[in-house]
Structures are given as C-alpha cells and as structure tokens.
Amino acid sequence: MDQVSFADSALVFQVPPFEFLNAPGFAAARDRLVAGKLALYEGNHLFNRLILEEGRFLCYLAALSLHAGQDMGRSSTWLTLGRLQREVTELGVASRNRVEAQVSCLRKYGFLTQQPHASDRRVRLLVPSAALLARDAGILGLLVDGLSALGLSPTEGRSGPLEPDLHRAMRRATLPHLPGLSRLIRRHLPLAPFFAHDCGYMILLLLLRGGRDGGDAVIGSGYQRLAMQTGVSRTHVRRIVEAARDAGLLTTTARGGHDIRLTPAMWHAADRWFADKFALTDLLLREALPAGRTSAAA
C-alpha cells in the first residue's frame with residue numbers, strides 16, 4: 001500500500017487521498033462502498049449501459065452539474081443540448097454527435113426530458129428525471145457515509161439518504177471540477193481495461209466483491225455469470241478480463257474464467273481509485289456546505 005503515489009494529482013484536494021488510504025477503517029469503508037454501489041447498479045442493465053463508461057459517465061455528470069447550477073435569470077447557465085455539448089467536448093471525452101446520441105438515449109428511456117422554457121418557448125431545456133436524481137443522490141450518499149465513517153469529514157457520524165439541498169449543492173460544486181475529474185480518471189491507467197468499456201466499472205466492482213468474499217481468493221463465477229449480472233455479452237466480459245489479465249491485475253487459466261484471482265496490483269490500483277473518490281467527495285462536500293458548518297466540524 002505504501003508504494004501508491006498520489007504525486008500526479010489532477011485536483012487540489014483539501015484532504016489528500018493518502019490520508020484516506022492510510023485511515024484505519026479504509027478497507028471496510030471501501031468494501032461498504034463497493035457493496036452499496038452494486039446494490040444500486042446490479043440488475044439495472046439499461047442504466048449501467050447508459051453511464052458506466054468514461055465518456056458517458058462524464059456526460060452524465062456534466063448534465064447533473066449544469067442542472068444543479070442553473071440560474072433561470074441567466075440564459076448562459078441553462079442546461080440545453082448545446083451547452084452540454086460544449087462542456088463535454090471541451091473535456092475531450094466525446095464528440096458533439098456522441099453527446100447528442102447519449103441525450104437521445106436518456107430521453108428515450110425517461111432519464112431526461114426536454115421542455116420549453118417558460119419565458120422563451122424556442123429554448124428547449126434538458127431536465128433530469130426524479131429517478132435519475134435519486135440514483136445520483138444515492139451514489140453520493142454512499143461516498144459521504146464512507147467519509148463520515150473514516151472520521152476525516154465535516155459530516156462525521158452522518159448516515160442515511162443525502163438531503164436534496166446538499167445533493168444539489170454538491171453537484172453545483174462539481175461543475176468547475178469536471179476538467180480535473182476527467183484528468184483524474186485518466187491517471188488511473190492500471191484500471192483502464194475497466195473504465196474504457198461498456199459496463200467495465202460494474203465488472204470491476206463485481207470482481208472486487210468476489211475477491212473479498214472468496215475464502216480461497218478464487219472468483220469462480222466465470223464469464224457467463226458476469227455477463228448475466230452486467231447485461232453484456234460473454235465475449236465482451238472475456239475481452240475485459242483478458243485485458244485486465246494482460247495488465248497484471250488478475251490471473252485466470254481455466255476455460256470460461258472460472259478461476260479468476262485478483263493480484264496485489266489490482267487491490268493497490270483499486271485502493272488508489274477509491275482513495276481519490278473519497279478525497280474528491282470530501283472536496284465537493286466542503287465546498288457545498290456553509291462555511292460555518294465546515295469550520296465547526298473540522
């Protein structure tokens with residue numbers, strides 16, 4: 001664990017990631033976060049395909065952040081397709097056409113709607129659904145609960161659902177950090193086999209849970225079960241697992257992937273990723289909370 005370096009940080013955190021990594025309860029907090037995310041993602045194949053890939057995930061975050069930061073008195077802040085396309089293309093993770101295609105999919109399945117502005121019906125605003133906002137609040141809530149358990153957060157001792165006002169404030173705080181978040185994702189090169197593919201992040205979470213739960217450190221679920229759990233093809237799963245194997249993150253020799261073992265490199269890479277996630281959430285939380293609450297809890 002002490003070999004993990006955070007010197008190339010893409011964001012200026014208020015609490016450095018290594019402090020979370022070295023906290024006594026980090027492994028337990030990581031495992032609770034993995035279990036909580038799987039409880040939200042598992043079985044929802046459509047939603048996972050729509051957001052669990054780097055470019056689509058950043059588009060999803062940009063839409064939620066722009067929605068939270070809107071000022072209806074200032075047209076330049078409105079969440080329109082054009083504004084979303086500008087924000088995401090500047091990150092370098094998707095083209096304008098790809099953003100439009102993702103918006104179309106999110107609208108088709110009810111995660112986004114497009115509504116005319118009350119004072120100018122020529123302008124079509126994108127509006128996240130209540131279900132999309134609730135799911136995002138659930139994910140952020142898991143991270144905030146993890147911070148609270150580690151004792152390094154201004155909400156120490158907190159648990160339960162994230163309050164709507166705090167959720168909105170944290171997503172409003174996310175907007176200026178999107179370029180840094182994009183760079184942060186890209187600096188986790190060892191996990192690229194998972195981040196760069198449809199549902200790769202879901203497969204990563206399932207492998208981490210299996211590696212933790214497996215008494216003999218063998219994950220025996222195989223490609224077919226992973227495919228059923230994620231809603232992608234067995235071939236797609238095999239390619240991701242083989243890419244992770246070639247990167248030294250796991251080993252497997254049995255036909256069908258029934259003997260997957262996670263290597264120390266996988267756990268080091270995953271721990272570094274979750275330490276960054278906790279540090280980012282802490283940054284957003286401190287920026288979202290009123291100054292008095294933050295300083296009183298610090």
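Trainee: In which helix is Glu 287 found?

Mentor: Helices are DSSP runs of H or I with at least four residues, strands are runs of E with at least two, and both are numbered from the N terminus. Glu 287 lies in helix α14, residues 264-288. The model is predicted: local features need pLDDT of at least 70, side-chain atom pairs count only at pLDDT 80 or more, and totals for chains, interfaces and linings use all residues. Residues are numbered from 1 along each chain as its sequence is written, and side-chain values use heavy atoms, with hydrogens and water left out.

Trainee: Why does Glu 287 count as partly exposed?

Mentor: Buried means under 20% relative accessible area, exposed over 50%, and partly exposed in between (1.4 Å probe, protein chains only). Glu 287 is partly exposed because its relative accessibility is 39%.

Trainee: Which residues does Glu 287 touch, not counting those up to four places away in sequence?

Mentor: Contact means heavy atoms within 4.5 Å. On that basis Glu 287 touches Gln 14, Ala 173 and His 177. Ala 173 is one of the buried residues of helix α8 (residues 164-174). The buried residues of α8 pack against α4 (54-68), α7 (130-150), α9 (178-186) and α14.

Trainee: At what angle do α4 and α7 pack?

Mentor: Two packed helices are described by the angle between their axes and the distance between the axes. Axes are lines fitted to C-alpha atoms, for helices over the stretch in contact, and angles run from 0 to 180 degrees between N-to-C directions. For α4 and α7 the angle is about 105 degrees, with the axes 12 Å apart.
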